[in-house]
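I opened this entry to keep track of what I looked up, one item at a time.

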Amino acid sequence: MPVGQLLIEGLAMGACYGLFGLAVVIIYKTSEVINFAAGEMAMFSTYIVFHMLTVYNCPFWLAFLMALVFAAILGVLVQYIFLRPAKNPTLLGLIVITLGVEMLLMGLASWKWGAEGQAFYLPVSYKVTYEPISGFIVSEWAMAVFITAAVIMAFLYFFFKHTKLGTAMRATQQNKHAAKIMGIQTDMIFAFAWAFSSVIGVIAAMLLSAKAILDPQFMMEPFLRAFAAAVLGGLMSVPGVLIGGAIMGLLENFFGYAWPAWKPITAFVVIVLVLCVRPSGLFAKHYIKKV
Amino acid sequence: MVQELNFKKRGEDANVYIGNKLVSPRITGICKFNKRQISSINKKGGEKAMDLRRIRVVMIVSLFALFMFAYDGQAKQETGFDDKEIRVGQWGPQTGPAAAWGNVARGSKLVFDIVNDEGGIAGRKIKYFIRDDQYNPSQAVAGVRELVEKQGIFAFVGGVSTASCSAVQGYLLEKEIIWISPCTGAATFYKPFNPYLWNMWPSYENDASVIAKFAIEKKKFKKIAMFYQNDGYGLDSLDSVKYRLSKKNMELVAAIPVEPIESDLSSQIQKLKASGAEAVIAFVGPKQAAIAVKTSVSLDFKTQWMFSYNLSDYEMMNKITDGLWAKEGVITSAFTQEPFAKNELTAKYTAAVKKYAPTERWSIFYMAGVVVAEPLVQVLKKVGKNLSTKAVADELNKIKNFQGVGPKVTWTATNHMGPKSVQIWQCGPKGEIITLQKWTENEISRD
């Protein structure tokens, strides 16, 4: 068994899942809504980068920055147009709205760019590989994933712990009405959370599509895994989500190598077992039930 | 004057009339009639009784005839055409996850557009219906039922996805509607024999066997692995490759399954790499084929990838693999002619695309739609005015060595199988098709 290689590939995919899981967690941390449109929002923004690269021949970094701006606007728009107008929404109602947004974005992408797959390029290629130690082949793509995940995790950890905005987001999640009384503009916080989540989502989606292909459905499967990673790590914990992603990636790779036929379900079985023991995930500090 | 008649007593218990009015025979006991009434009864009673007996007989015969007629009505009624049009249908994923294959249904339209532009067949135009099933079997069933029961369809052509085709197969057989041909090589469409379904696509079993033969005999590969989709498509092929290898006393060095939803294939590719496979025969979908080749490059796994005919659209595959299809010299089988082969028929179609469907790309999947429509048009032309399901079925059963832009087919009244031959192509450095082997039949076919 090529342990070193399985470790690297597992951690790289796990970092992608974890990174994308963060996009889910950020919205959950502020509003307790699971955003099922997260994958398609990321997909749509990735198509914007693709469009700018292929149609307008923009330099990558310009396209990248503009896609981040677009993703932020898309996040705010989704929250403003679809979620905010809901009258006395229940959590389930909001989740169903996100499912509708998912379908809408997928349909729009199919209409605009077609359902045929496309190759998506990053300046860091999966084709360029290094072998620093025998048996450990690392591609530029994998290195980019590790660095990006580490930077974003550090930033988010700092943001939620040590900034006023981060504290306001956590306060809004804990008690929306109390936060409002304390002067926090909760509507602004929700909009910001959606924008923030959308930006992180598109970064993860770009990394994933460079390894696979870009089509309107390409984020459906990674979303499920990222969501599972987030649940495993604890939906409230930023480092927990990344560790959950890493566990997910490693489990899939090692079990997938030993028993390929069982690969798709192995990680989910382990997650179910873990959640039986710790229902709020591995790294959530405590389980809060709102009344 | 009133006279009493005791019917029961006199035995006149039936068919008693007063004037033209029937007095029920069930009337028993004593009735009172005047003379005029008695006279009327005596005069008309006998002949009216005879008439009623006749009516009874006629009614019984009529009911029997009605029953016979109704029974006959449950058998095939000719629908789907009139003096002006012949209605033909197809379903396919125009939207949804497999919309890239939606051009199969649109490819068939090209053939019908050409026919209609030439004046139709025996005075009838072909009216063609496409229903979007979104690659969803339940949607396919709904679309097909709607077409059959509301529009009235004479024949279906094509149909993408083994699952969708399987879902409608029973219904079309029950309705005895002609179907040429599911766009799949799955065995379920020719085993057991279906008298109303004619296959144009080579079976996956034959396809895999010819690829394996090429790998062993022409390429002299000693270590061959298999990477297969974990469903009928992949499992039929796996079985066939194993059978082919067993004839040479060889075994697969690895057989790795993959689920159609998976997008991270690194562990599977590492397992293939560890097996030391010189060639990997792969029966997977386009997306996973692209990811597999990309992953093998990033893991420095050097092997000869060999895919099924479903991946012989080099232009599309090069696009989604960032040119790796050409760079890695991927080999595939093929069940059509080269898209830009220099012959009259190809020239006719490529010109027609420009005229009728300028936004479409003349590609393998688009051609697949043409392939399934060609035999129907051929046969409709032969049948001419005297159109019926039986007439068309009989002509289809006589097709011998028919070839349009697809493979050569021969059907009989007891054999509707697709061709057993495929070609072997390789993607050249510029994405061009290099024909490595012309039409080759699976000589050890178990079909």
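I started by listing the contacts of B:Ile281. Leaving aside neighbours within four places in sequence, B:Ile281 touches B:Ala208, B:Ile211, B:Ala212, B:Ala215, B:Ile224, B:Met226, B:Val241 and B:Met306. I note here that the model is predicted.

Next I asked which residues have the most contacts inside the largest nonpolar core. They are A:Cys16, A:Leu22, A:Ala204, B:Phe227, B:Ile281 and B:Ala282. The core holds 219 residues. Helix α8 of chain A, residues 186-211, gives the largest share, 18 residues. From chain B, domain 2 (85-201 + 339-392) and domain 3 (205-334 + 426-441) each put in at least three residues.

**Chain B overall**

I counted the secondary structure of chain B and got 14 helices and 16 strands. The chain has 447 residues, and 47% of them are buried. I then took the contacts in chain B with a separation of 6 or more. Of these, 69% link residues 24 or more positions apart.

**The sheet**

I traced an open sheet of 7 strands in chain B. The order is β11-β10-β12-β13-β14-β15-β16, and the pairing is mixed. From one strand to the next, the twist averages 20°.

Which strands stand at the edges? I found β11 and β16 (433-441) of chain B there. Each has a single partner strand, so one side of each has no neighbour in the sheet.

I looked at one pairing in detail. Strand β15 (residues 421-427) of chain B runs antiparallel to β16(B), and 6 bridges join them. Within this pair, B:Ile424 is opposite B:Gln437 of β16(B).

Then I checked what lies across the sheet. Helix α6 of chain B, residues 204-218, lies across β10 (224-229), β12 (279-283), β13 (304-307), β14 (331-334), β15 and β16 of chain B. The helix runs at about 170° to β12(B).

I followed up on α8(B). Is α8(B) largely enclosed or left open by the rest of the structure? It is largely enclosed, because 8 of its 10 residues are buried. The buried ones are B:Ser266, B:Ser267, B:Gln268, B:Ile269, B:Gln270, B:Lys271, B:Leu272 and B:Lys273. After α8(B) comes B:Gly276, with a positive phi near 75°.

One joins B:Ile180 and B:Ser181, with omega about -15°. Another joins B:Lys191 and B:Pro192, with omega about 0°. B:Ser181 sits in the loop between β8 (178-180) and β9 (197-198) of chain B. B:Pro192 also lies in the loop between β8 and β9 of chain B.

B:Ser161 has a phi of about 90°. Its place is the loop between β7 (155-157) and α5 (162-175) of chain B. Is B:Ser161 buried or exposed? B:Ser161 counts as buried, because it has 22 C-beta neighbours inside 10 Å.

B:Asn249 has a positive phi of about 55° and is not a glycine. I placed B:Asn249 in the loop between α7 (232-247) and β11 of chain B. With 6 other C-beta atoms within 10 Å, B:Asn249 is exposed.

**B:Gly80**

Last, I looked up B:Gly80. This residue is in the loop between α2 (35-74) and β5 (85-92) of chain B. B:Gly80 has 23 other C-beta atoms within 10 Å, so it is buried. Not counting residues up to four places away in sequence, B:Gly80 touches B:Ile86, B:Arg87, B:Gly152, B:Ile153 and B:Phe154.

Conventions: Residues numbered from 1 in each chain as written. Chains lettered and ligands numbered in written order. Predicted model: local features only at pLDDT ≥ 70, side-chain atom pairs only at ≥ 80, totals over all residues. Helix = DSSP H or I, 4+ residues; strand = E, 2+ residues; numbered from the N terminus. Buried ≥ 20, exposed ≤ 12 C-beta atoms within 10 Å, placed from the backbone. Contact = placed C-beta atoms within 7 Å. Pairing = 2+ DSSP bridges. Axes fitted to C-alpha atoms, helices over the stretch in contact; angles between N-to-C directions. Core = buried A, V, L, I, M, F, W, Y, C linked by C-beta atoms within 7 Å. Domains from an automatic or database assignment.
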